[in-house]
Amino acid sequence: MGPYQLYLIRHGIAEERGDAWPDDNKRPLSEEGMNRLRKSIRGLARAGIWFDVILTSPLVRTRQTADIVASVFEPRPHIVAIESLAPNGSYQGVLNDLEKQTRRKKIALVGHEPSIGELAARLAGSRHALEFRKGAVCRVDVESLPPGGPGTLRWFLTPRLMRSLKR
């Protein structure tokens with residue numbers, strides 16, 4: 001059924017860790033983080049990029065990121081929370097979750113550092129994790145789900161570059 005386009009996204013800028021958010025799982029995006037993320041994702045949309053489905057870590061800041069990403073597109077892609085993208089998730093768990101999406105060609109995955117950078121590297125066949133700034137996006141193309149071998153890193157964009165994209 002391939003090829004598949006996997007878009008790996010790190011969540012936007014979140015509230016600072018500390019006494020206000022003793023449970024890191026509930027730490028939300030900051031107001032600035034939400035605004036910057038909206039502008040960045042609009043850049044992707046202007047460049048003609050869209051998603052069939054968005055898989056996200058269940059943590060608040062990644063779910064908020066997925067909601068903002070989805071809100072930019074019409075039709076709005078379906079959002080699925082998966083434990084494998086949480087900070088304690090596993091590569092094999094992500095592969096198992098991806099295998100359930102074989103009918104979709106353009107799949108976004110919203111996660112956390114360092115795991116999203118490690119996932120991107122493994123999908124692209126690199127031993128060295130990619131460093132994701134908050135709100136960064138990369139595209140890795142694979143031939144099958146789950147991938148049978150390394151995919152191809154097509155591009156990697158910082159939030160600033162996405163904000164500057166024009167049609």
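D67 is partly exposed, having a relative accessible area of 28%, where buried stands for under 20% relative accessible area, exposed for over 50%, and partly exposed for values in between (1.4 Å probe, protein chains only). The model is a predicted one, in which local features need pLDDT of at least 70 and side-chain atom pairs count only at pLDDT 80 or more, while totals for chains, interfaces and linings use all residues. Residues are numbered from 1 along each chain as its sequence is written, and side-chain values use heavy atoms, with hydrogens and water left out.

D67 takes part in a salt bridge with R63, with 3.2 Å between the closest N and O atoms; the term denotes a side-chain nitrogen of Lys or Arg within 4 Å of a carboxyl oxygen of Asp or Glu. Both D67 and R63 belong to helix 2 (residues 60–71), where they are 4 residues apart, about one turn of the helix, and helices here are DSSP runs of H or I with at least four residues, strands being runs of E with at least two, numbered from the N terminus. R63 is itself partly exposed, at 33% relative accessibility. D67 also forms a salt bridge with R76, the closest N and O atoms lying 4.0 Å apart, and R76 counts as partly exposed at 46% relative accessibility.

## A salt-bridge network

Salt bridges that share partners link R17, D24, R27 and R61 into one network. Within it, the side chains of D24 and R17 meet at 3.6 Å, N to O; D24 is partly exposed at 25% relative accessibility, whereas R17, at 62%, counts as exposed. Over the whole structure, a search finds 9 salt bridges.

When its neighbours within four places in sequence are left aside, L109 is in contact (heavy atoms within 4.5 Å) with L6, Y7, L8, I9, L55, L85, V94, L98, I116 and L119.
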